[in-house]
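Here is a short report on one protein chain. Have the sequence and the 3D view open as you read.

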Amino acid sequence: MKLNKIIGFIGAGNIAEALIRGLITKKILKPSMIIASDIKKDRMEYMKDAYNILTTNDNLKVLSESNVIILAIKPQDIKVVLQEISKGKNEGLIISVIAGIPLKFLAKHLKEPLRIIRVMPNTPALVGAGITAVSPGESTTKSDIEVCHKIFTAVGEVVEVKEALMDAVTGLSGSGPAYVFDIVEAMTDGGVKMGLPRNIAYLLTLHTVLGASKLLLETGKHPAMLKDMVASPGGTTIFGLHALKKGGVSAALIGAVEQATKRSKELGSENLEKI
């Protein structure tokens, strides 16, 4: 699974750090094959000390020395960065982790035919348990897509989707961890209400969620099938499931994904208008 390429990061925030840590830890890349730039000097000093990678405050240096460029900047910084790197030359693959910025916008502002892939990871990538959606641009090759997959398997699983579905990805897996955090908090509160000490209720909840996810992944069985295995006739689980149905939990979760998707589209339009 090793990559024989120089990977350059423009922007060295949390997601970039998670990727760098994963690439090194899983021995996909040696530290000497990673270069990163950021406007914050103290951030560059930290990244160099922590991971022994090459660091700079010069984005053009990253551009010229890398086979693959990962744009990991905030949307509000994109105009300045694109203006800067459009002055340089790079014939390698560009991977964008910039939320809400479409491939056409990047290609237009970089003013040359480019091989670009847009990706959307989520926050569990910080602990190597993320899921990343990948949308290749028209000019990308099969090899480019394979390289992108290898990079992001360093922080979890990878799926490929059409770019038109990226807002839905954001609404589901991008925002999804927060839905789970809310569910965990509510289940813990339920345990406390029924007399459990909070620390015990919290641990029981966390491992219930973890175990249920692992059971789904490893058995490959439909959630309804596993649910029916737990819900014996007249037992505790069916009464609990009835309470969830009455409370509209299923509809609320579907609505959460829908509303987050709509907001993702709105934010994307707003970001583009500001640039």
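Start at Arg 43, which sits in helix H2, residues 41-51. The model is predicted. Is Arg 43 buried or exposed? Arg 43 counts as buried because its relative accessible area is 18%, and the cut-off for buried is under 20%.

Which residues does Arg 43 touch, leaving aside those up to four places away in sequence? They are Ala 12, Gly 13, Asn 14, Glu 17 and Asp 38. With Glu 17 there is a polar contact between the two side chains, at 2.8 Å. Glu 17 and Arg 43 also belong to a network of salt bridges together with Arg 21.

## The chain overall

The chain has 275 residues, and 38% of them count as buried. Its secondary structure comprises 12 helices and 8 strands. The C-alpha trace spans about 70 × 40 × 35 Å along its principal axes.

The accessible surface is about 16,100 Å². Carbon and sulfur atoms hold 60% of that surface. Among contacts with a separation of 6 or more, 65% join residues 24 or more positions apart.

## Salt bridges

How many salt bridges does a search of the whole structure find? The count is 10. One of them pairs Glu 163 with Arg 118, with the closest N and O atoms 2.9 Å apart. This pair links distant parts of the chain, 45 residues apart. Glu 163 is in the loop between strand E8 (156-160) and H7, while Arg 118 is in strand E6.

In helix H9, Glu 218 and Lys 214 lie 4 residues apart, about one turn. Their closest N and O atoms are 3.9 Å apart. The pair still counts as a salt bridge because the limit is 4 Å. Glu 218 is exposed at 61%, and Lys 214 is partly exposed at 49%. In helix H12, Glu 258 and Lys 262 are also 4 residues apart, about one turn. Here the closest N and O atoms are 3.5 Å apart. Glu 258 is partly exposed at 41% relative accessibility, and Lys 262 is partly exposed at 40%.

## An aromatic pair

The whole structure holds 1 aromatic pair. The rings are those of Tyr 46 and Tyr 51, with centres 6.5 Å apart. Why is the pair edge-to-face? The planes stand at 85°, so the pair is edge-to-face; the cut-off is over 60 degrees.

Tyr 46 is partly exposed, with a relative accessible area of 36%. Tyr 51 counts as buried at 12%.

## Helix H7 and its cover

Helix H7 covers residues 166-174. Which of its residues are buried? They are Met 166, Asp 167, Val 169, Thr 170, Gly 171 and Ser 173. Their cover includes strands E6 (115-120) and E7 (130-136). Helices H8 and H12 are also part of that cover.

## A nonpolar surface patch

Ile 183, Met 187, Leu 244, Val 249 and Leu 253 make a nonpolar patch of about 360 Å². Helix H8 (176-193) and helix H12 (249-274) each supply at least two of the patch residues.

Ile 183 lies in H8. Its relative accessible area is 33%, so Ile 183 is partly exposed. That value meets the patch requirement because the cut-off is over 30%.

Where does phi turn positive in a residue other than glycine? Lys 27 is one such case, with phi near 60°. Lys 27 sits in the loop between helix H1 (14-25) and strand E2 (34-37). Asn 52 also has a positive phi, near 60°. Asn 52 is in the loop between H2 and strand E3 (54-56). Lys 27 is exposed at 59% relative accessible area, and Asn 52 is exposed at 59% relative accessibility.

Asn 199 belongs to helix H9, residues 198-219. Asn 199 is exposed, with a relative accessible area of 56%. Its C-alpha atom is 8.7 Å from that of Thr 188, 11 residues away along the chain.

Definitions and conventions: Residues are numbered from 1 along each chain as its sequence is written. This is a predicted model: local features need pLDDT of at least 70, side-chain atom pairs count only at pLDDT 80 or more; totals for chains, interfaces and linings use all residues. Side-chain values use heavy atoms; hydrogens and water are left out. Patches are made of residues with over 30% relative accessible area and no salt bridge: like charges are joined within 9 Å, nonpolar side chains (Val, Leu, Ile, Met, Phe, Trp, Tyr) within 5 Å. Accessible areas come from the Shrake-Rupley method with a 1.4 Å probe; for residues, only the protein chains shown count as cover. A salt bridge is a side-chain nitrogen of Lys or Arg within 4 Å of a carboxyl oxygen of Asp or Glu. Buried means under 20% relative accessible area, exposed over 50%, partly exposed in between (1.4 Å probe, protein chains only). Rings of Phe, Tyr and Trp (its six-membered ring) pair if their centres lie within 6.5 Å; planes under 30 degrees apart count as stacked, over 60 as edge-to-face and the rest as tilted. Contact means heavy atoms within 4.5 Å. A polar contact is a pair of N or O atoms within 3.5 Å; within protein, one must be able to donate a hydrogen and the other to accept it, and residues adjacent in sequence count only if both atoms are side-chain atoms.
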